[in-house]
Amino acid sequence: MSPAGNLVTVESHILDLQRMHPSASGDFTSLLNDIAFAAKIISREVGRAGLVEDILGSTGEENIQGEIVQRLDEYANRIMLSCLGRRGQCCMLASEELEKPVLREVGSGSGSYVVVFDPLDGSSNIDANVSIGTIFSIYRRRTINGPAQDEDLLQPGSKLLAAGYVIYGSSTMFVYTTGHGAHGFTLDPGIGEFLLSHENLSIPFAGDIYSVNEGNEPKWDSRVREIVRRLKYGRDDETDGMSARYIGSLVADFHRNMLYGGVFLYPAHTGSPDGKLRLLYEAAPLAMIAEQAGGYGSNGHSPILDIQPDSLHQRVPLYIGSRETVLWIEKMMADSTLGAGL
Ligand code: AHM
Ligand code: MG
């Protein structure tokens with residue numbers, strides 16, 4: 001049975017959006033379709049993990065950020081690199097798994113776009129059969145001619161043309177936005193198509209779930225400790241405490257909060273003074289989706305989408321989810337009576 005009997009594929013949904021821009025060349029549309037295609041291949045491989053040799057486990061190498069590279073990380077990265085921009089739509093691709101961005105031959109394509117992605121997020125969860133995901137950001141290149149430059153890559157989230165994620169969970173879902181709402185599609189494995197299942201996603205304004213790795217509490221500053229304490233026990237005598245859910249895969253924690261409402265926190269701590277998550281391919285794309293769904297993403301002080309990046313793998317503290325809850329966290333972070341930052 002297809003989701004809710006709805007037979008709108010992700011490709012036709014993207015094409016409908018293109019019709020809103022009669023002068024569009026189709027390059028952007030086909031780039032989004034490339035990403036959906038790559039997601040199907042990665043989903044197939046994730047679904048076979050454990051059955052086929054050489055899928056699970058690590059490659060024995062570390063990536064540029066000193067993290068162990070899992071075999072599926074490497075596979076997903078390779079698939080993204082070979083599927084994206086096959087028609088010369090992209091001048092540059094950048095990934096969590098690559099030290100530097102790669103410049104692409106554009107041939108007769110426009111080369112107008114830059115894509116930044118985390119090919120397989122939550123990779124510490126792969127071998128345990130826990131949900132993982134892919135996250136992507138698409139920017140328009142800023143320079144006109146010649147090889148793409150840093151300024152084409154290092155753009156704030158407010159300049160994103162599109163962003164999305166794929167969650168490989170109990171089913172595989174593709175969620176994307178081009179700035180006209182956030183829409184979710186569920187993969188029907190029988191026909192190999194993503195079918196519209198969650199049109200115009202909307203995060204509840206305030207939620208009942210907080211998600212944070214509380215094992216880091218000893219390394220937080222006093223403000224973050226107080227924020228999490230109040231989330232847990234209730235903000236005041238009239239407010240109930242929230243439930244905790246933490247998967248440890250950003251896409252999965254974020255996706256659940258998108259549907260149920262709530263907040264995800266990855267604050268800075270003494271071991272990671274800029275937080276853990278990466279601005280360009282984790283925080284910014286999810287912040288765009290959150291805002292398109294009525295939510296909000298912040299670094300604790302200001303919108304994630306306003307931050308001008310200065311390097312590809314830049315990290316940022318992240319507070320994201322239900323708008324009211326994230327705004328309350330910003331207010332708490334600005335309260336000097338709760339102590340200073342790190
Ligand atoms: P990854 O991109 O290498 O998988 O790391 C990012 C992941 C996120 O999915 C998740 O939110 C976070 O790291 C979990 O970190 P921790 O194990 O410190 O709680
Ligand atoms: Mg990641």
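The model is predicted, so local features need pLDDT of at least 70 and side-chain atom pairs count only at pLDDT 80 or more, while totals for chains, interfaces and linings use all residues. Residues are numbered from 1 along each chain as its sequence is written, chains are lettered from A and ligands numbered from 1 in the order in which they are written, and side-chain values use heavy atoms, with hydrogens and water left out.

**The two domains**

The protein chain is assigned domain 1 (3-198) and domain 2 (209-334), with bounds taken from an automatic or database domain assignment. Their C-alpha centres are 23 Å apart. The contact (heavy atoms within 4.5 Å) involves 48 residues of domain 1 and 31 residues of domain 2.

Together the domains bury about 2,800 Å², of which 65% is on carbon and sulfur atoms; buried area is the accessible area (1.4 Å probe) that two parts lose on being put together, summed over both. On the domain 1 side, I135, L154 and Y165 supply 21% of the area buried against domain 2, more than any other three residues.

Between the domains there are 13 residue pairs in polar contact, both residues at pLDDT 80 or more. A polar contact is a pair of N or O atoms within 3.5 Å; within protein, one must be able to donate a hydrogen and the other to accept it, and residues adjacent in sequence count only if both atoms are side-chain atoms. Strand β6 (132-140) is among the elements on the side of domain 1 that touches domain 2, and β6 gives the most to that side, with seven residues. Strands here are DSSP runs (E, at least two residues) and helices likewise (H or I, at least four), numbered from the N terminus.

**Salt bridges**

The whole structure holds 13 salt bridges, each a side-chain nitrogen of Lys or Arg within 4 Å of a carboxyl oxygen of Asp or Glu. One salt bridge is counted between domain 1 and domain 2. Two examples are tabulated below.

| Salt bridge | N to O distance |
|---|---|
| R278 and E96 | 3.5 Å |
| K40 and E193 | 3.6 Å |

K40 lies in helix α2 (residues 27-48) and E193 in strand β10 (residues 193-198), so this pair ties together parts 153 residues apart in sequence.

**The magnesium site**

D118 (OD), D121 (OD) and E282 (OE) coordinate the magnesium ion (ligand 2) at 1.9 to 2.1 Å. Donors are N, O and S atoms within 2.8 Å of the metal (3.2 Å for Na, K and Ca); water is not among the atoms, so sites may look incomplete.
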